[in-house]
Structure formats: structure tokens, C-alpha cells
Amino acid sequence: MAGHSQFKNIMYRKGAQDAKKAKMFAKLARDITIAAKSGLPEPDKNPRLRLAIQAARAESMPKDNIERAIAKATQAAGGADYVAARYEGFGPGKVAVIVEAMTDNKNRTAGNIRTIFGKRGGAMGENGSVAFNFERIGFIEYPLAVADADKMFETALEAGANDVATDDEHHDIETLPDDLGMVTEALEKVFGTPSASRLDWKPMVKADVADVETAQKLLDFIDALEDDDDVQRVYHNAEIPEDVLAKLV
């Protein structure tokens, strides 16, 4: 999984994890709703829904919130009809960016995303314009405390994972997209619910951002995208040196 931990370096910079709880829960709820609509609204019969619920539980989302999100997937419950949407383009420093959203109004969301790209030094493109710089993977994360690196490595590979990387805080497990559910279930039996289990975009080609000013503009651009209510996740291929990260606000 060489590069995936570096791929996350922007998300874990100073203060980046101080996200608003309510907004995070709203985005997790959308993930659950659209997963429930993709199949049966029963976790044991819908792997995608099961993974969405696992992600919500890992963030301590209340049970009532999860149940309401599932209920919204049924016509009887009414409410917004959320669909998945993806946007691509380039951010400051010619960094390739993929934005994943869930929305009940594609025109509104596309307009908001396009405005952020335009006002913050980016250039929005068509779908496929930057996706070739990434590969689709399954990603599972556990806190460091659940096991030592050797135990996690051996258990994950036996479960069918492709690779495991351990840093000072987390174990990051990479799988093939189709194997994500199977590997997650196997690891959950040994280590409990993971802190993350989802499909990710992993950069294959990196864009070096060694200039402090450009790096700051990039971080502000990503923050603006992530702050949009419809945006679920933002992926990029930036490579920012640690000494530059240390100088950023």
C-alpha cells in the first residue's frame, strides 16, 4: 500500500479532524440511505448497507440516526431521493481531484462544486478526465491499539487483503474492490468494527506540491469542497513534504 498513508497526509494535518459532528452524521446518514436503496434495507442481506452502518458506528453515530437513515430509503418513509454523483478536475498546483457526493439535486450540487473549483484556483473537468490517475481499491482502517503490526498483517493477508500498512496511529488494509466486504467481515470477527471500511480512490501518479503558498491554496480548496453539505469525500494525488505541511495553517 505504498503511498496510501501519504495520500492521507492532508486529512490529518493540524486541526483537520475537528469536523463538525452534525455535518459528519448527515453525510454518514446519506451514505446509509443510498446503500439501503441499492438493495434490501437489511444489513445482513445488503453488504453495501452493512459497510455503511459499520462506518457510521465507527464514528459513534447514534442507533436512532442509523435507523432513520435506513427508513428514508423506503417510499413509505418519504423524504429526499439521494443519488451518488462524482466530479473530477484539477486543484491548485495541477493536483488531480475526485469529488464524491450524494445529492437530491444534481444541478445544485454540480453548480456548487463548479463554483468552488472556479473561485479557488481549480478547473473542473468531465468524468474520466483525472480518474485514470487513480485506481479503485477497498480500504479498511483500524486503530493501532487493536493489534501489533505483525498480527494485523498476517490476519489481513489470510483474510484476502492485498496489502497492509501500519503507521503511528492506524493499520491501513487494502483490498480488491470486490473483496472489501469479505475481508471486512473476516477482520471484524478478530478485531471488532473497523474505524473505516469503504471503497477508495488510490493515486497511481503523484503531483508534488513543494511550495507553501500553493499547498495552502490546495488545502483551502479541499476544505471548501469538504464543507459542502452534499460532498461525501474528496480524493487527490497531492504529495506535500512534511516540512511544507508543518508551515501550513
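In strand β3, A123 is the bridge partner of F90. This pairing belongs to a predicted model, in which β1 and strand β3 (residues 123–125) run antiparallel and are joined over three bridges. Within β3, G125 is the residue that stands opposite E88. On the pairing of β1 with β2, strand β1 (residues 83–91) and strand β2 (residues 95–103) are likewise antiparallel, and nine bridges join them. V83 of this pair faces T103 in β2. The two strands β1 and β2 form a hairpin, with three residues lying between them, and in the turn G93 has a positive phi of about 80°.

These pairings are part of an open sheet of four strands, whose order is β3-β1-β2-β9 and whose pairing is antiparallel. Because β3 and β9 (231–236) each have a single partner strand, they stand at the edges, and one side of each is left without a neighbour in the sheet. From one strand to the next, the twist of this sheet averages 25°. Helix α2 (residues 21–37) packs on the sheet, where it touches β1, β2 and β9, and the direction of α2 makes about 100° with that of β9. Helix α8 also lies across β1, β2 and β9, but runs at about 155° to β9.

Helix α5 (residues 106–119) packs with helix α8 (residues 212–227) at an angle of about 165°, and the axes of the two are 10 Å apart. Since an angle over 145 degrees counts as roughly antiparallel, α5 and α8 are therefore described as roughly antiparallel to each other. The crossing of α5 and α8 is right-handed. On the side of α5 the residues that meet α8 are I113, I116 and F117, and their counterparts in α8 are F221, A224 and L225. Sorted by class, this contact of α5 with α8 has six nonpolar residues, with no polar and no charged residues.

A second open sheet is also made of four strands, which follow the order β5-β6-β4-β7 with antiparallel pairing. Its edge strands are β5 (163–166) and β7 (196–203), each of which pairs on one side only. The twist of this sheet averages 30° from one strand to the next. Strand β4 (residues 134–143) is joined to strand β6 (residues 170–175) by six bridges, and the two run antiparallel. Within this pair, P143 stands opposite H170 in β6. Helix α6 packs on the sheet and touches β4, β5 and β6, its direction making about 160° with that of β5. Helix α7, for its part, lies across β4, β6 and β7 and runs at about 10° to β4.

The helices α6 and α7 also meet each other. The axis of α6 and that of helix α7 (residues 180–191) come within 9 Å, and the two cross at roughly 140°. That angle makes α6 oblique to α7, and the crossing of α6 and α7 is right-handed. The contact is made on one side by K151, M152, T155, A156 and A159 of α6, and on the other by M182, V183, A186, L187, V190 and F191 of α7. By class, the contact of α6 with α7 has nine nonpolar residues, together with one polar and one charged residue.

As to the confidence of the prediction, the chain has a mean pLDDT of 87, and 89% of its residues reach 70 or more. Among the elements of the chain, the highest mean pLDDT (97) belongs to helix α6 (residues 149–159), whereas the lowest (51) belongs to helix α1 (residues 4–7). Where pLDDT is low, the predicted coordinates should not be read in detail.

Technical notes: Residues are numbered from 1 along each chain as its sequence is written. This is a predicted model: local features need pLDDT of at least 70, side-chain atom pairs count only at pLDDT 80 or more; totals for chains, interfaces and linings use all residues. Side-chain values use heavy atoms; hydrogens and water are left out. Axes are lines fitted to C-alpha atoms, for helices over the stretch in contact, and angles run from 0 to 180 degrees between N-to-C directions. Angles under 35 degrees count as roughly parallel, over 145 as roughly antiparallel, 65 to 115 as roughly perpendicular and the rest as oblique. A crossing is left-handed if the near helix is turned anticlockwise from the far one by less than a right angle, and right-handed if clockwise. Contact means heavy atoms within 4.5 Å. Ala, Val, Leu, Ile, Met, Phe, Trp, Tyr, Cys and Pro count as nonpolar, Asp, Glu, Lys and Arg as charged, and the others, Gly among them, as polar. Two strands pair if DSSP finds at least two bridges between them. pLDDT is the predictor's confidence in each residue, from 0 to 100.
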